[in-house]
Protein chains: 2
Amino acid sequence: MLSCKQLNNELHGTGLFFPIDPGADASIGGMCATRASSTNAVRYGTMRENVLGLTVVTAQGKIIHTGSRARKSSVGYDLTRLFVGSEGTLGIITEAIVKLYPQPEAISAAVVNFPSVDDAVRTVIETIQMCMPVAQVETMDDMMIQAINAYDKMSLRVAPTLFFEFHGSETGVAEQAQTVQEIAAGHGGQDFDWATRPEDRSRLWAARHNAYFAGINMRAGCMPISRLAEFISETRADLNKSALMTMMVGHVGDGNFHVMIRLDPESTAEREEAEAMNDRLVARTIAADGTCTGEHGVGIHKMRFMEAEHGAEALSVMRQLKQALDPDNLLNPGKIVPN
Amino acid sequence: MLSCKQLNNELHGTGLFFPIDPGADASIGGMCATRASSTNAVRYGTMRENVLGLTVVTAQGKIIHTGSRARKSSVGYDLTRLFVGSEGTLGIITEAIVKLYPQPEAISAAVVNFPSVDDAVRTVIETIQMCMPVAQVETMDDMMIQAINAYDKMSLRVAPTLFFEFHGSETGVAEQAQTVQEIAAGHGGQDFDWATRPEDRSRLWAARHNAYFAGINMRAGCMPISRLAEFISETRADLNKSALMTMMVGHVGDGNFHVMIRLDPESTAEREEAEAMNDRLVARTIAADGTCTGEHGVGIHKMRFMEAEHGAEALSVMRQLKQALDPDNLLNPGKIVPN
């Protein structure tokens with residue numbers, strides 16, 4: 001199957017694009033299987049919202065088609081959504097019908113920094129609660145900015161920073177930037193900078209694009225947006241107790257954030273300390289009605305949190321589904337539902 | 001559980017609202033179970049997109065919680081989407097966490113009529129393909145307008161008509177109305193009228209709100225938007241072969257439309273003729289990659305189309321799911337999957 005970059009290359013010149021891009025050049029099939037997301041999920045949604053239908057080979061070797069090209073359907077069980085995010089354990093996805101979007105008429109970017117992470121996150125909450133159609137909003141804490149300055153030889157002000165991207169009409173993006181600037185000002189935001197020309201947007205966003213190279217060992221979770229500010233403060237306080245270098249970066253518009261921990265992979269002590277921080281992070285996330293993984297599936301490392309997040313009974317329903325569709329456990333055995 | 005109207009009453013004064021309202025004052029639980037939709041699904045989505053989590057009692061009497069308040073999650077099978085639309089056959093929904101939206105700053109309405117249904121529908125296609133965040137767009141054919149004139153003693157121009165509603169900022173809704181007027185003009189649209197004051201909006205939309213009282217015996221389907229114009233012309237041609245009075249009205253922004261057939265319920269001949277027209281309508285919809293029901297579930301009357309729409313193999317996967325979660329067939333037996 002095409003990767004998301006290949007798909008967008010194919011679409012070149014049509015005026016359409018596929019918005020979801022998890023970063024690495026993922027295949028559309030893998031993105032379906034892991035219910036992948038993107039930094040612009042706040043506007044366009046994740047694979048959950050953007051897959052209209054699938055072709056799936058079942059464990060019994062049958063080929064089924066789920067969904068259709070219709071934008072909505074209420075006929076029968078939602079098999080599409082069942083296979084999206086099932087990580088190959090219920091069937092093998094061989095084709096996908098995805099939703100395309102028109103290229104926005106105008107794109108603009110804005111960067112603004114804040115006295116505290118709390119101020120930055122409250123700005124995001126207020127923006128989202130106004131239902132502003134922001135395409136992306138990313139936050140970085142001061143530790144992250146410091147790492148980027150060191151890695152990229154940049155001289156950004158070391159302060160919690162928000163990166164915005166707006167899609168819309170010319171007047172629409174100007175209006176969005178204006179509104180965000182006003183909201184940010186109410187939370188001590190300063191050095192507000194915005195740009196519409198591609199080269200200026202690239203300059204503004206360069207730091208954000210390099211964040212992942214500057215950091216390693218990301219842990220991602222997702223939260224109800226209303227609890228995010230408090231949660232991020234608590235997490236920062238917990239991370240500060242460790243001698244390990246930690247950074248936070250998040251697609252905060254949809255409550256999603258990453259914690260990065262720099263450690264020496266050879267050091268058992270550092271690995272154990274990082275795992276313990278991660279366990280506390282996940283416990284706090286789930287206690288606050290969040291999820292241990294907002295993006296790209298459960299994988300192996302997070303399977304141990306499945307019961308804490310879903311409860312034993314819901315996990316048992318998942319096991320019933322797995323046994324019903326794959327009684328001989330042929331499909332990606334041992335994933336999603338612990339055997 | 002609250003109905004959608006009760007929920008919106010509870011929200012009064014908070015600045016928030018729940019956008020989905022299928023018309024009759026449906027309960028939120030029933031709306032979850034039938035994956036209900038609304039005339040504004042083009043902007044806000046259906047219950048599929050707006051239920052974040054559920055509490056469900058299983059056939060084994062266990063209580064499970066699906067999803068969370070986080071806006072996105074990629075952890076495990078999407079049980080929320082499995083129960084949404086399952087019509088009570090997989091579990092009993094007792095609680096739902098739904099997404100609320102801020103009341104739009106401004107709302108405006110527009111009405112415009114066209115030389116032909118084809119022109120009207122092409123206007124909608126172009127509007128949607130521009131990714132305009134239209135909140136509602138409804139179409140009515142000339143037969144429907146005629147029925148409304150008779151029923152409401154109104155004197156609307158008897159022509160295919162589009163009704164738009166825009167939500168956004170003051171400048172945003174003005175810009176949307178302006179763009180729609182330009183698109184409509186390119187397809188022969190005339191008598192363009194738009195209003196922002198609530199009383200003027202009500203006047204413009206009065207005809208639309210009475211459409212359902214003026215018609216009876218609705219059949220609803222949903223189509224890929226790109227095929228809608230051709231499809232509606234074919235359907236009108238087929239309906240015109242009948243002596244029965246037929247009307248079309250649709251939430252065309254998401255490819256959804258209703259066909260209404262007036263008949264004497266005592267007349268076996270008229271019922272049979274209407275059923276045959278309906279069968280041809282569904283066959284055309286499915287052949288064009290659409291669905292026999294875009295809204296509010298399968299129910300009893302449409303169950304016979306399940307195999308035509310999904311294929312025998314996909315239907316058999318649905319049956320496996322039903323048997324896995326409800327082996328004794330206790331929950332709403334005989335629905336969704338024919339026994």
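These legends walk through several close-up views of a predicted model.

**Figure 1. Where chain A meets chain B.** Welcome to the contact between the two chains, which draws 77 residues from chain A and 77 residues from chain B. Together the chains bury about 6,200 Å² between them, with 57% of that area on carbon and sulfur atoms. Across this interface there are 10 residue pairs in polar contact. On the side of chain A that touches chain B, helix α13 (residues 312-325) gives the most, with 9 residues. Sorted by class, that side of chain A has 29 nonpolar, 30 polar and 18 charged residues.

**Figure 2. How the two copies are related.** The same surface serves both copies, as 100% of the contact residues of chain A recur in chain B.

**Figure 3. Salt bridges across the interface.** The interface of chain A and chain B holds 2 salt bridges. In one of them, the side chain of Glu313(A) meets that of Lys62(B), at 3.9 Å from N to O. Lys62(A) and Glu313(B) also join their side chains in a salt bridge, again with an N to O distance of 3.9 Å. That pair crosses from the loop between β2 (51-57) and β3 (63-67) of chain A, the place of Lys62(A), to helix α13 of chain B, the place of Glu313(B). Are these two partners buried or partly exposed? Lys62(A) is partly exposed, with a relative accessible area of 38%, and Glu313(B) is partly exposed at 32%.

**Figure 4. Salt bridges within a chain.** Over all chains, the structure holds 22 salt bridges. One of them joins Asp21(A) to Lys5(A), whose closest N and O atoms are 3.6 Å apart. Asp21(A) lies in the loop between β1 (16-17) and α2 (28-33) of chain A and Lys5(A) in helix α1 (residues 4-11), so this pair ties together parts that are 16 residues apart in sequence. Asp21(A) is partly exposed, with a relative accessible area of 30%, and Lys5(A) is partly exposed at 38%.

Figure 5. In chain B, the side chains of Asp238(B) and Lys241(B) form a salt bridge of 3.6 Å, N to O. Asp238(B) is buried, with a relative accessible area of 6%, whereas Lys241(B) is exposed, at 68%. Turning to chain A, salt bridges with shared partners link Asp238(A), Lys241(A), Arg280(A) and Arg284(A) into one network.

Figure 6. Where is Asp141(B) placed in chain B? Its place is the loop between β7 (134-140) and α7 (142-152). Asp141(B) has a relative accessible area of 3%, so it counts as buried. Its side chain makes a polar contact with the side chain of Arg236(B), at 2.5 Å. Beyond its neighbours within four places in sequence, Asp141(B) is in contact with Val117(B), Pro160(B), Arg236(B), Met247(B) and Met248(B).

**Figure 7. The surroundings of Met132(A).** Met132(A) is buried, at 12% relative accessibility. Leaving out residues up to four places away in sequence, Met132(A) touches Thr127(A), Phe166(A), Gln176(A), Thr179(A) and Val180(A). Val42(A) is 90 residues from Met132(A) in sequence, yet their C-alpha atoms are 9.9 Å apart in space.

**Figure 8. Two asparagines with positive phi.** Most residues other than glycine have a negative phi. Here, Asn329(B) has a phi near 55°, a positive value, and Asn332(B) has a positive phi near 40°. Asn329(B) is found in the segment after α13 (312-325) of chain B, and the place of Asn332(B) is in the segment after α13 of chain B too. Asn329(B) is partly exposed, with a relative accessible area of 28%, and Asn332(B) is partly exposed at 31%.

Methods:
Residues numbered from 1 in each chain as written. Chains lettered and ligands numbered in written order. Predicted model: local features only at pLDDT ≥ 70, side-chain atom pairs only at ≥ 80, totals over all residues. Heavy atoms only, no water. Contact = heavy atoms within 4.5 Å. Buried area = accessible area lost by both parts, 1.4 Å probe. Salt bridge = Lys/Arg side-chain N within 4 Å of Asp/Glu carboxyl O. Polar contact = N/O pair within 3.5 Å; in protein donor to acceptor, adjacent residues only side chain to side chain. Helix = DSSP H or I, 4+ residues; strand = E, 2+ residues; numbered from the N terminus. Nonpolar A, V, L, I, M, F, W, Y, C, P; charged D, E, K, R; others polar. Buried < 20%, exposed > 50% of the residue type's maximum accessible area, 1.4 Å probe, protein only.
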